[in-house]
Amino acid sequence: MSAEELATKLSTLDISDLIFVDEATGSDDAGCGNKDKPFKSAASAVGHISSQPEAAQESLKIVIKKAGDEKYSYITPSALKKAKNAYELALKKAKKQAEREARDKEEREAKLAEEQRKLEESKKVVLTQDPSLPKPKTIQIRDAKENRNVRVKVNGWVSRLRVQGKDMMFIVLRDGTGYLQCVLNNRLCHTYDALTLTLESSVSIVGEIKELPEGKTAPDGHELVVDFWEVIGKAPGGDEAVSNLFDKDSDPSVLLNQRHLVIRGDRASSVLKVRSRVMRAFRDHFEGVGYAEVTPPCMVQTQVEGGSTLFSFNYYGEEAYLTQSSQLYLETCLPSMGAVYTMNESFRAENSNTRRHLSEYTHCEAEIPFISFDQLLDGIEFMVKDVVNRVWAEPETRAMIEKLNPEFKPMNEPFIRMRYADAITWLNEHGVKRAEDGQDFEFGDDIPEAPERHMTDTIGKPILLTHFPVPIKAFYMPPTKDDLRVTESVDLLMPNVGEIVGGSMRIWDYDTLMAAYKREGLDPKPYYWYLDQRKYGSCPHGGFGLGVERFLAWLTNSYTVRECCLYPRFKDRCQP
């Protein structure tokens with residue numbers, strides 16, 4: 001029968017007796033078998049017919065349109081047989097699937113009922129301390145080694161948890177001073193708290209610390225064999241469990257939102273502990289060289305590093321700012337206290353989202369009277385090396401640094417000293433071009449972070465980069481005597497981080513400083529107290545500022561300075 005004849009015959013039939021299948025545009029899910037909503041497969045058409053009353057099935061016929069065809073044709077006997085087989089096979093699979101799902105549901109319900117039964121039974125298990133045992137000595141984990149074979153009590157948080165069978169579980173306890181593996185056996189594992197224990201729950205554990213036999217490992221080579229324990233504060237489980245909130249691969253914004261929990265992790269807490277030791281080492285260094293610590297104000301009405309990066313606020317009706325630097329205040333202390341330093345917060349309203357910028361950071365600053373520029377450079381280099389050596393000499397701190405930054409070694413070689421002009425030459429000789437126009441760098445260009453980092457990382461050693469041009473440095477930096485185009489200024493550049501210290505000699509002549517104010521368009525009136533330092537017994541002096549977070553990023557091999565402070569503040573981030 002020709003296609004024309006078939007079309008004529010189809011037109012004389014009751015269309016309600018036809019089940020349409022369009023292999024190109026039909027749908028087995030949304031189709032119903034009529035011409036407007038055909039099925040996609042003949043097997044679905046067979047299934048549809050099978051669902052109709054038996055009396056109606058004989059009158060129903062399947063017509064099919066293959067992909068590429070324009071018109072429908074009756075399904076062939078062989079295709080119909082194949083479709084029936086496919087439908088029967090699908091029925092069998094569906095039946096097996098239903099049976100499997102019913103069986104799985106039954107097993108889940110049985111398992112849940114058994115777990116619930118165990119939980120109810122566990123509520124009957126009540127732990128009490130054995131009165132025949134010695135009274136436990138409360139210790140911190142860092143003191144565990146010297147309290148081996150002594151019954152102790154340790155308080156802390158569940159950092160890791162492992163259940164081994166029904167009669168043994170391991171808790172790795174964290175208390176901020178270290179980690180301690182605790183072993184619970186038999187009845188200790190059968191309580192309701194044991195069966196429902198979650199990570200980050202706070203617990204109190206009593207037992208005896210035993211050295212591990214050879215071949216077994218645990219923090220500090222020992223474990224606490226528990227004889228009593230209790231939960232102090234249970235952390236949530238399920239969707240709210242800390243392990244479901246984030247992991248190491250989470251988006252940075254998630255990690256920042258959960259920073260209050262992230263800092264409980266091994267790496268984050270280690271960085272913060274190293275930070276604590278580094279802050280102490282800086283203070284010990286300055287104490288050792290005879291500098292006095294001062295605490296300048298953070299609310300000011302003057303700028304130090306340019307007006308574009310000032311955070312302003314209303315101070316009782318007057319405009320004021322968060323300090324960019326404590327340098328100017330430190331300089332006022334020189335005649336009364338000699339060399340001084342501060343470990344204070346500084347604030348920069350920089351519209352920058354780079355991994356080395358923060359809007360609030362810890363600023364280690366120092367000012368020293370009666371020194372030369374070379375002495376300033378020597379002092380910066382000695383400070384960095386001395387602080388590193390001090391933290392490296394502490395076994396606990398050194399262990400953390402070695403874990404965080406396995407390649408790190410204290411520096412023994414002298415830092416490279418390179419003039420700004422030589423850095424321009426180096427960049428051009430190594431084919432590093434300006435990003436904005438693809439041309440060579442020229443004297444007077446402010447070298448951006450990326451080329452500066454490239455040079456520092458390529459050389460692979462600390463660089464004291466000196467003698468920057470006057471126009472690209474702060475107003476208070478004096479020109480050199482032999483070249484008035486450049487200043488007695490320095491940046492300390494570290495591989496993998498970039499600049500961590502900025503310093504200079506300070507203009508100490510009154511007239512020269514007034515000319516600098518005029519050049520920069522600054523009103524000298526708010527700086528009257530700073531100018532007075534040039535009137536009442538001025539002297540040559542210099543100083544520097546070090547970003548503690550950048551120093552830590554270098555020391556701990558952290559990708560960003562945001563990992564090196566407690567709660568980072570930068571553009572669009574002021575919480576938690």
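A patch of negative charge sits on the surface, made up of Glu101, Asp104, Glu106, Glu107 and Glu109. To count for a patch, a residue needs over 30% relative accessible area and no salt bridge, and like charges are joined within 9 Å. Asp and Glu are the negative residues here, Lys and Arg the positive ones, with His and the chain ends not counted. A salt bridge means a side-chain nitrogen of Lys or Arg within 4 Å of a carboxyl oxygen of Asp or Glu. The model is a predicted one: local features need pLDDT of at least 70 and side-chain atom pairs count only at pLDDT 80 or more, while totals for chains, interfaces and linings use all residues. Residues are numbered from 1 along each chain as its sequence is written, and side-chain values use heavy atoms, leaving out hydrogens and water.

Asp104 belongs to helix α4, which spans residues 77-122. Helices are DSSP runs of H or I with at least four residues, strands are E runs of at least two, and both are numbered from the N terminus. With a relative accessible area of 30%, Asp104 is partly exposed; buried means under 20%, exposed over 50%, and partly exposed is what lies in between (1.4 Å probe, protein chains only). There is a positive surface patch too, formed by Lys92, Lys96, Arg100 and Arg103. Lys96 is also a residue of helix α4, and its relative accessibility of 56% makes it exposed.

Next comes the sheet. Eight strands form an open sheet with mixed pairing, in the order β10-β14-β15-β20-β19-β18-β17-β16. At the edges are β10 (292-293) and β16 (416-419), each pairing on one side only. Strands count as paired if DSSP finds at least two bridges between them. Strands β19 (residues 498-505) and β20 (residues 541-547) run antiparallel to each other, paired over five bridges. Across from Val501 stands Leu546 of β20.

Helix α17 (residues 548-556) is largely enclosed by the rest of the structure, because nine of its nine residues are buried. Among them are Phe551, Leu552, Trp554 and Leu555, along with the charged pair Glu549 and Arg550. Just after α17, Asn557 has a positive phi of about 60 degrees.

Finally, there is Leu60, found in the loop between α3 (54-57) and β2 (61-65). Leu60 counts as buried, at 14% relative accessibility. Along the chain, Leu60 and Asp17 are 43 residues apart, yet their C-alpha atoms are separated by 4.7 Å.

Conventions
Patches are made of residues with over 30% relative accessible area and no salt bridge: like charges are joined within 9 Å, nonpolar side chains (Val, Leu, Ile, Met, Phe, Trp, Tyr) within 5 Å. Accessible areas come from the Shrake-Rupley method with a 1.4 Å probe; for residues, only the protein chains shown count as cover. The place of a charge is taken as NZ of Lys, CZ of Arg, CG of Asp or CD of Glu.
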